[in-house]
Amino acid sequence: MAAEARWDLGGRDVDALYAEAQRFRGEPISTRAWRKLRKNRAAWFSWLFLCVIGLGSLFAPLLPIPSPKTMRPSERPQPPVWPWLDKTKQQFEVDYWDLGVVDGALVELRTKLFGKYQTGPWLGADSQGRDLLARIGWGSRKSILTALAAASISLTIGVVWGAWAALKGGRTDRWMMRFVDVLYSLPFVFLVITALALFDAPRASLGEELIDREVVFFVVLGAVFWLTMARVVRGQVLALKSSEFVLAARAMGAPTAWILRRHVLPNVLPVAVVYLTLTLPSVMLAEAFLSFLGLGVQAPEVSFGLLVADGVEAINALQVRWWLFAYPAVAMASVLLALFVLGDGLRDALDVRDKERPA
Amino acid sequence: MKRFVLRRALGLVLTVWIVVTTAFLMMRVVPGGPFSAERRLPAAVLANVEARYHLDWPIWRQYLQYLGPLNLDSHGLLGDRERPFGGVLAGDLGPSFRYRDYTVNQILGESLPLSLALGSLALAWAVTVGTTLGILAAARRGTKLDLSLRLVAALGIALPSFVIAGLLVLVFSLALGWSPVAGSSTFAHFVLPSLALGAPVAAYVARLVRTGLIESLSQDYVRTAVAKGLPYSTVILRHAARGGLLPAVSYLGPAAAGVLTGSLVIERIFAIPGTGSHFVASALSRDYTLALGVTIVYSVLIYSLNALVDFAYTRLDPRIALEEL
């Protein structure tokens, strides 16, 4: 650069200033959020815990656990046995419900990896002799996958609905949000239960291919949880729409699609992620609630709700099989707690408006 | 004021109408009825039973009959029937399909007092304890007490109410023998269920109160109060609490809805013959009228409570005008 072209900067060197400015790179939201999350010990621990649990339950078919379906009827329910005192040498049998292609392959791989070995009744067994450890493993898998599916449905509907309403504005916005308000005031749980109970009966007569209960389940749950997401996303997009940087981009003649991709989406995503994390435990709670009432996941498949429901039933004055209640309850509660803590931590970490203010 | 009442009344009517229509259509469109479940009835008997409940009518007529207020029964609009009015609009929820000789109104009349007693008990302790703990945690912010209270609150939110119920039964009924396991005959029977039912609400209230109070403690008027030399307790209870409790107040509507929802499970665990357990049973056995009746009554209840809470909110916070709600 020619020296005469420089402005008077109080005797400071432009090149040095420019170099200094270059060093101040705008930090992407995700990087900063990650850094903040790591500093939040509870949230970071929850994240690690969820990673372990998530991987463990996703690959539950690969673990050397017994099949959650195999029954071994005996007179006395099997209480938990410490692994080092375990004398039972039971052989693994391939005995599952109708597994899909992926799960079937995983189970096959498991028999290749571990042969006939399987863990003993370390967490005890239920009244029909089914291994509790295996049931918790497969149950967490079902619950987590259900929650993910339903939460993604609600995420999609909510983001599209909210963003559309905010971008259109005016009458469209008013009507779309009025619709959300009306839905908010409906007693959803009651309608959901009615719907699930109704779709339960025709399954027998119409055959399972026509109305898959799980599909009804996902759609119904996903349809309930998108409302909050739509409101939050709309608020965020409305704020973004009138922000200086969007105005500036518009003034420079940037096309709408580019503004959406470059300025709106990156700023909506964090909010969506936070609410996804907070929706997950709600969906899991709802799944447990419905399974408890006998309207969610059906035996022989297992889920947290089903296991805890069995556990609550096992609590009676005649014989207290505490492990049937305690272990599933602890497993479910720790996953839910971790999700809530992580959600809270993410909300703090991703709060784009909150600029590194000391906590 | 007038506008607020009018708008809420309109909203209530709209909500109930949507609930009735959605649920009604859902129930009639899906094949199979309350009498097609287990044992197949002889055709003649089935026809008789269906005629008794007007299931042989076209859907639109069943719908109008159910909605009311005109009674379309047998002999035209205003025939020789003793009751010219019926249906939801006339406050008549029809006969139950399963419990013969009982109308839905009768069943609700018997079960609703139980559920309402349980629900208000749960809400009452949840709000009292939640507010107290929230204020304590905010006043002692950052101490071990605050930390442990927050942990308890997080647990209360994360644990489903039926897990808490199981835990309570295990400890207080079976291990210690202090409380009856199930039933609804004495007050003691309601203690554990209401504890389990209110626990998540208490946890939420405590969290909201803590956050709200901490925010209002940083306000200028609180600093003025401290600078005046008022004792810390007066500052918190008199000055900060007024603003700080507002988020918790607006949560009361959803809390009531949550308690009603939770009662579906809790009543089942403790074998309380309340409305919630009737609802689950009726939905499973396709007792259309009973399931619809419970849904309608609960929607009205939740909607009215929400309106009341909004009204209370404007009284507590003069910055918010009634007209804006």
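## Salt bridge across the interface

A salt bridge here is a side-chain nitrogen of Lys or Arg within 4 Å of a carboxyl oxygen of Asp or Glu. In this predicted model, that rule finds 1 salt bridge across the interface of chain B and chain A. A:Asp344 and B:Arg207 form the pair, their closest N and O atoms lying 3.1 Å apart.

The side of chain B that touches chain A divides into 32 nonpolar, 6 polar and 3 charged residues. Nonpolar covers Ala, Val, Leu, Ile, Met, Phe, Trp, Tyr, Cys and Pro; charged covers Asp, Glu, Lys and Arg; the others, Gly among them, are polar.

## Extent of the contact

Chain B gives 41 residues to the contact and chain A gives 38, with contact meaning heavy atoms within 4.5 Å. The two chains bury about 3,500 Å² between them, 84% of it on carbon and sulfur atoms. In chain B, B:Met26, B:Ala158 and B:Phe162 lose the most area to chain A, together 15% of what that side buries. Buried area is the accessible area (1.4 Å probe) that two parts lose on being put together, summed over both.

## Confidence in chain A

Chain A has an average pLDDT of 78, and 86% of the residues score at least 70. pLDDT is the predictor's confidence in each residue, from 0 to 100. Over residues 352-359 of chain A it stays under 50. Where pLDDT is low, the predicted coordinates should not be read in detail.

## Conventions

Residues are numbered from 1 along each chain as its sequence is written, and chains are lettered from A in the order in which they are written. Local features need pLDDT of at least 70, side-chain atom pairs count only at pLDDT 80 or more, and totals for chains, interfaces and linings use all residues, while side-chain values use heavy atoms, leaving out hydrogens and water.
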